[in-house]
There are 4 protein chains.
Amino acid sequence: MSRKIRMGMVGGGRGAFIGGVHRIAAAIDQQIELVCGAFSSNPEKSRLSGEDFFLPADRVYGSYEEMITKEKELPEGERMDFVSIVTPNHVHFGPAKMALENGFHVVCDKPVTFNVEEAQILKKLVEETGLIFALTHNYTGYPMVKQARVMVENGDIGKVRKVVVEYPQGWLATKVEDTDQKQASWRVDPAKSGMGGAMGDIGTHAENLAEYITGLKITEVCAELTSFVEGRRLDDDANILLRLEGGAKGVLHCSQIAVGEENGLNIRIWGETGGLEWHQQEPNTLQVKSLEGPTVHYRTGVGSLSDAATAAQRVPAGHPEGYLEAFANIYKNFATCVRARLEGTEPDELSKDFPSIEDGLRGMIFVEKVVENSRGNEKWTKL
Amino acid sequence: MSRKIRMGMVGGGRGAFIGGVHRIAAAIDQQIELVCGAFSSNPEKSRLSGEDFFLPADRVYGSYEEMITKEKELPEGERMDFVSIVTPNHVHFGPAKMALENGFHVVCDKPVTFNVEEAQILKKLVEETGLIFALTHNYTGYPMVKQARVMVENGDIGKVRKVVVEYPQGWLATKVEDTDQKQASWRVDPAKSGMGGAMGDIGTHAENLAEYITGLKITEVCAELTSFVEGRRLDDDANILLRLEGGAKGVLHCSQIAVGEENGLNIRIWGETGGLEWHQQEPNTLQVKSLEGPTVHYRTGVGSLSDAATAAQRVPAGHPEGYLEAFANIYKNFATCVRARLEGTEPDELSKDFPSIEDGLRGMIFVEKVVENSRGNEKWTKL
Amino acid sequence: MSRKIRMGMVGGGRGAFIGGVHRIAAAIDQQIELVCGAFSSNPEKSRLSGEDFFLPADRVYGSYEEMITKEKELPEGERMDFVSIVTPNHVHFGPAKMALENGFHVVCDKPVTFNVEEAQILKKLVEETGLIFALTHNYTGYPMVKQARVMVENGDIGKVRKVVVEYPQGWLATKVEDTDQKQASWRVDPAKSGMGGAMGDIGTHAENLAEYITGLKITEVCAELTSFVEGRRLDDDANILLRLEGGAKGVLHCSQIAVGEENGLNIRIWGETGGLEWHQQEPNTLQVKSLEGPTVHYRTGVGSLSDAATAAQRVPAGHPEGYLEAFANIYKNFATCVRARLEGTEPDELSKDFPSIEDGLRGMIFVEKVVENSRGNEKWTKL
Amino acid sequence: MSRKIRMGMVGGGRGAFIGGVHRIAAAIDQQIELVCGAFSSNPEKSRLSGEDFFLPADRVYGSYEEMITKEKELPEGERMDFVSIVTPNHVHFGPAKMALENGFHVVCDKPVTFNVEEAQILKKLVEETGLIFALTHNYTGYPMVKQARVMVENGDIGKVRKVVVEYPQGWLATKVEDTDQKQASWRVDPAKSGMGGAMGDIGTHAENLAEYITGLKITEVCAELTSFVEGRRLDDDANILLRLEGGAKGVLHCSQIAVGEENGLNIRIWGETGGLEWHQQEPNTLQVKSLEGPTVHYRTGVGSLSDAATAAQRVPAGHPEGYLEAFANIYKNFATCVRARLEGTEPDELSKDFPSIEDGLRGMIFVEKVVENSRGNEKWTKL
């Protein structure tokens, strides 16, 4: 099939943040082309955005409903192959559901939905339709995150005992939602963000990262959520004790009031015979620790890494790849799977490695249980 | 008074670890000399240790009782001025009590006693006698820790919102107490260590560091202690949620099964307008964060630091000072206070800055409450 | 003009390294599309490569001569707008010259040509035709490199006194050219690489970076080039003393036998009142030093950076951008200038910031003079 | 012999810098006691300094001549065993020569003398008298420097190809000698410092470090020395190309005008099969690189280090030791050798590892040849 995979986008018009990231991520590996979009609930803004992206006017729509309906009428190969949803949380479910019901594969930003019920409906739809659904928990796209996962799986650090996953940010340390910061305003609004503030926005990334690398599910949480900024209705800080499968213990804390922190997602895992440490802001290094020896600094492209890590990098050692490349790895694997589907073949195992609707549902349950525990007097709440 | 301050030591004979550290710490600034000791409960070992330290045979004692009794009979200026107690936890109380009752100042290793009751008795004794008592929570001796404390006090980061203090170590990740590792064996023995394992050994350092820098007391804890190594009776890992005075929240975790970690005490504090970050393994740097600007890396000896930080360093910028120098700062300040007492003067304010019996008592209460919370179903336990 | 800028590529077929980098760099910002190519001197390989890139068969050519000739016959808007040259060094001049002579703008990989004479001819052609020529000294595309340049220009570190620029790599530490390492074989061949080995490949990057940031020309060199690996005919290591305009002094060293080094380009600059330090492998940080104060760690996206730095980043602070994004900044600015030319407008100043044929010529002169100095007994050789 | 080794000090009175460092270094391991001194050429200042150190008045002398003469008359065991010389460069030779001629062992600060001739005379005296002479090139006292030396010796990185040793400082970036900065004034005065400015003060440390670790002598230099600060008569910056025994090449640069740098001595060495990297400001880490694998971060106290490294540390892994401890290692080994001499025994091999008069002489030759080369037109000058 000698053509690129065709993407339609919902959201991501002028002034948006994550939409631009998705477009870059889709463009990097030159396997996907943007063919249409409903970039804004404001039709004029959608139209202007379409011009920015050099789209023909008749492929720029005023709403996702229109887009899905009209595109469906186009012949295969001309119409979009999948929908990419990059709207605020409360507008994930609608387009995702409609896309799936109309036969389109879906890429959706996280958290997957507004609440657990919506996620369960989507999960059922994905299972029924057999369509391909990718959730952009993009941090699992990093080569050294994949390396870490393989090493845990291979038993390189022994049975996991302790996990510390952190996600400090500082950009909501003051009441920026009262300024014209567009990113802030919907994130702190329970009607748009859901029941979690920092929890939904970044806590779910931390939870997903921990479960992805360790291969262990979080089974119980003991949490304290706080809204430090006066008048803010959702949490902007969370400290959580974790219990995981197999007796592992952990700590997850995230914050958006940690002044001076940028996007400090990081994780440390200790097993019976070794340890791993990874920092998102220096993503090309994975520290590997052992009982006797000194710490080894694994680096993308250096020495013998796992196939999963190697497949996720594009340039040799010392040529730093970052956030956009990791994000692109989700799109690359998704595109490979869509192409295989279109060609009637089976994608390779490594290409199937991207976050799924299942991950999305777990994230929603995690947020719900953490909020529930934080509000109550019970010490531990089961997931 | 033209002489050094005279130290008698309890414990710290051949094969011990922390005794040697105390002797170096006392020696560095050349204000203190070791004049006598009861270095071991084994008189022969005590004698041989005395020879190692070039002490005359008649100043090497078979027990602390003997030492205190005999030294008391010597004239001032010849007899020891203070006792340094460097024995395992369960042998702190006896010599400390007897020293105070006989008019000797005391330096005591941490945790101060075996339990809360003993600490309360010592506190009362210190208050009654007016003698000088220093507890070697040595990590507060670092210049950049003092700098951090001053900056919080000065409001440089605004009202404190969040504290994350960590103390991962890995040396007890396997059952080393079954080998001849002398340091391990008593630390994992409830009869010698007290009710806390990692909690008593390093958790108290973390607690003390957090309270020292923030100037805030921990008011409530929610904890999970674990003994990961099979057959170990005391905790070797702890994850704790904190509430502090003034509404601040926090996380304290420490571990002795964190494979590959050396002595990773570190702390991050975020206030309303700034943040601080310090790592014990790179102690000469203090990261200072702010709402708008980039992170500034304060360094010992560089630029205008507080008097407290400046007084705590000996060599210019770029000449790294470490653990022993920080430890020595406790002894230096203690010695200055003892000298002032002997000379009938008042020491300067900076020299009064060393951990006290009050800190010791708080540490014991912290351990007790954390253990209590971990064993129960109550979410929060008040200190 | 509602279309993307159209790129034709010379070289970069299956198995090549830098061609893929150029395609990604061109794709990231979605301003450029690949429309044709002569991807290999082997027509079959060129054809297969064209299929990889989803190109129509009639736009995949067997040689660059054919490509330029045929494309020129196509109408504007359909034909390519520019040629991207990603072949080994000795095949830069031919396609660049022919492209310019036929009215096509050019992006060319570095070093610009095989020798100084060729570079001079190209420079003359660029001046005569007025066409746009970009040289991919990609490391100047990093936001913090641009920040450094602006700060020097603004006098933030005072008059420059000393520059240390380094480029250690280790991948040629053994005789990999005797294996099937395709990247190594032509780089160590004087007939394909030119008179410089490591000098041409990475030394020119270091030279360009130093001159770009300081705004000062290197005026004299004193060099020692070495071929450490037995039987290698070109240098694989270089140590060079520099004199720069205005009395500044410097050191440039680069190596491809520095075992264990990845792609360690870095630079430190000290002026009369401040200093700057930047490392390519952690490109989002710029250390800024001053006479009195502590070091400030500038970070992409944090605080008030220069317009040049801000324009060169795509995602917020803490979302690391790397090598590919910096490379893309060359293409982005180039595309903006080509678009302005096509639309008859003037590009903004920031978009004009990409390496030029002038930089290419300086690089060739630098290599020539360094080689000359290294071979002779003269201490200093003027550029 | 149950007593401490007895030290007399020349220089190091109130207001001095390096004298205090020597006293701490001598005190740390409690093997040495200060028994007398001629602390200043000003007798009153010497007397007051003696009081600071709790010395009896009759052991505080007005000149080194008086000290050596009077101490020689005291019985062994009461008189000093050795002289520690901590004066400015031009006052090293006199006391060192007289001490040796009168049978006293010597510790001398670096550079050993004012010029090569003096160093040769001392070398001859040391050989004739058989007395023990230690030069405080203190940076070779670090455990990880010793580890590096052993690894090179063991062939762990193969035959050495390239050495880069750097020593940037910034404290003389302005004309501080015109202020009352006592440390600066004599260092920039050719009558007190010798023919090298930065070269003598820190360049010799860099040279010594490179030769110590590699075990290779520098055979030729090509240098450019600069005095950047107007009116300064000695170099405050140096860039030097090196040739070493066995065909190794190198770069040595040092500076005291590198604004914002503290005490940045560091070294990188690459051999045929591996590499080493060490930074004085983070002295407890040694990076070890290899052809295939990732970089391993050796740390003091972690894993299986060489006996030389292990013997040079006092506390376990993660308890940072720094400048003073490394300095103390020179004194510790020196004291062990003196004690062995006094007891008529042979010290162990590890204790013999401290810089000698031979190192001192090499340093003086290095300075002389670098200055000569920098002033002339010859490209390479042989040492």
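What follows is a walk through the contacts between chains in this structure and the relation between two of its copies. The structure is a predicted model, in which local features need pLDDT of at least 70, side-chain atom pairs count only at pLDDT 80 or more, and totals for chains, interfaces and linings use all residues. Residues are numbered from 1 along each chain as its sequence is written, while chains are lettered from A and ligands numbered from 1 in the order in which they are written.

We begin with chains A and B, whose contact takes 32 residues from chain A and 32 residues from chain B, two residues being in contact if their C-beta atoms, placed from the backbone, lie within 7 Å. On the side of chain A that touches chain B, β9(A) gives the most, with four residues, where strands are DSSP runs of E with at least two residues and helices are runs of H or I with at least four, numbered from the N terminus.

Chain A can be laid on chain B by a turn of 180 degrees and a shift of 0.0 Å along the axis, with an RMSD of 0.0 Å, which is the relation of a two-fold axis; the copies are superposed by least squares on the C-alpha atoms of residues with pLDDT of at least 70 in both. Of the residues of chain A, A:K379 comes closest to this rotation axis, at 2.2 Å (C-alpha). Because 100% of the interface residues of chain A are also interface residues in chain B, the copies meet through the same surface.

Chain B also has a contact with chain D, in which 31 residues of chain D meet 31 residues of chain B. Here α1 (18-28) and α11 (323-343) of chain D each supply at least two residues of the side that touches chain B, and α1(D) gives the most, with five residues.
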